[in-house]
Amino acid sequence: MERSKMLRALVVVLLLAGGAFGAEARKEAAVLDGEWWRSLVVDEIIPLWYQHVPDEEHGAVYMNLSRDWQPQPPWDKVPAMISRQVFSFSAAYLLSGEERYLNVAREGAEYLLQHAWDEEYGGWFDRLTQTGAPADSTKSVPLQLYTNVGLTLYYFTTGDERVRDRVMSSVEIRRTRGHDEQYDGYYQVFDRQLRVVDDGKKKHGHFGYVGSLALNLYLATRDPTVLEFERHVMDLTMELMTDPEKGWVYGAGSLFDRQWRRTPWWIDGVEMVHVGGQLTACLAYLRLFHQTGDVRYRRAGEALASRTTALSWNPDTGA
């Protein structure tokens, strides 16, 4: 029996058991129900953001809101954060069919196309002024990545070819200018003219790129070059970023230089492992298995997921 079916069967048994045990099972059943998640987004989360986050004066959305939803400084615009809102409102539209949410996503996407793309050298600017002018000349992998994430879902939602072209151009920069031809792998930061500023090898340039963007970009475009890129990045992750004895995936916290020499992450004399990084790698491996059928990725994902949950999950706190 598939693992998901086994879990659902267990939930039913626990529900029938009743009592306090049954209460816990009902929580478990809720998070396995797609309608629970749809309602959480459409009824509880997005209406508040729809009411408070749009920046009517300067365009797109505010970057910072107080606990009581008041805009506050710093006032610069960060394309990657705007794109996160594009993602959220695109998803809200897909879940609800409410045009008002798509309008917010559209305004964010249009803002990014108008202000955030470097027409001279290519790539997304890391940061803009409040009025939309470039405020930072660097182009770093995490901010390029997350700017593409929201726009990819917007393209999936609308079919806007202008957005697809920009995302694919950004990915092509990563695949070519960002590739280390001597040692393999991908650089971390460019200057405006796409010259390498940081040649380290880290999460967002490798397995994080697949888990956060490339998987969904392939689903949206079915472009074989995207799938080829996914496989290359995850093969590098498997070969060069994974501890051969303990199985941990490095690149978040514990970093590599250009030649793949690792600097461990120490706190108070104890070497640490980034749990979120492990979960990102699990996601990348397992969904890439679904896209390719290559059992190497399933085995790697299952092994890492098993180890991570066994050692990092706290059943007492549920975290």
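Start with arginine 164 and aspartate 223: their side chains form a salt bridge, N to O at 3.9 Å. A salt bridge here is a side-chain nitrogen of Lys or Arg within 4 Å of a carboxyl oxygen of Asp or Glu. This pair links distant parts of the chain, 59 residues apart. Arginine 164 sits in helix α7, residues 161-176, and aspartate 223 in the loop between α8 (207-221) and α9 (224-240). Helices are DSSP runs of H or I, at least four residues, numbered from the N terminus. Both arginine 164 and aspartate 223 are buried, meaning under 20% relative accessible area, with exposed over 50% and partly exposed in between, for a 1.4 Å probe and protein chains only.

A word on the source. This is a predicted model, where local features need pLDDT of at least 70 and side-chain atom pairs pLDDT 80 or more, while totals for chains, interfaces and linings use all residues. Residues are numbered from 1 along each chain as its sequence is written, and side-chain values use heavy atoms, without hydrogens or water.

Next pair: aspartate 55 and lysine 77, a salt bridge at 2.8 Å, N to O. Both lie in the loop between α3 and α4 (79-96), so the bridge ties together parts 22 residues apart in sequence. Aspartate 55 and lysine 77 are buried too.

Aspartate 198 bridges to lysine 202 at 3.2 Å, N to O. Aspartate 198 is partly exposed, at 22% relative accessible area.

There is also a network: salt bridges link Asp118, Glu120, Lys139 and Arg192. How many salt bridges in the whole structure? The search finds 22.

Last, the helices. Val42, Ile46, Pro47 and Tyr50 in α3 meet Arg100, Tyr101 and Val104 in α5, with contact meaning heavy atoms within 4.5 Å.

Note on methods: Helices (H or I, at least four residues) and strands (E, at least two) are DSSP runs, numbered from the N terminus.
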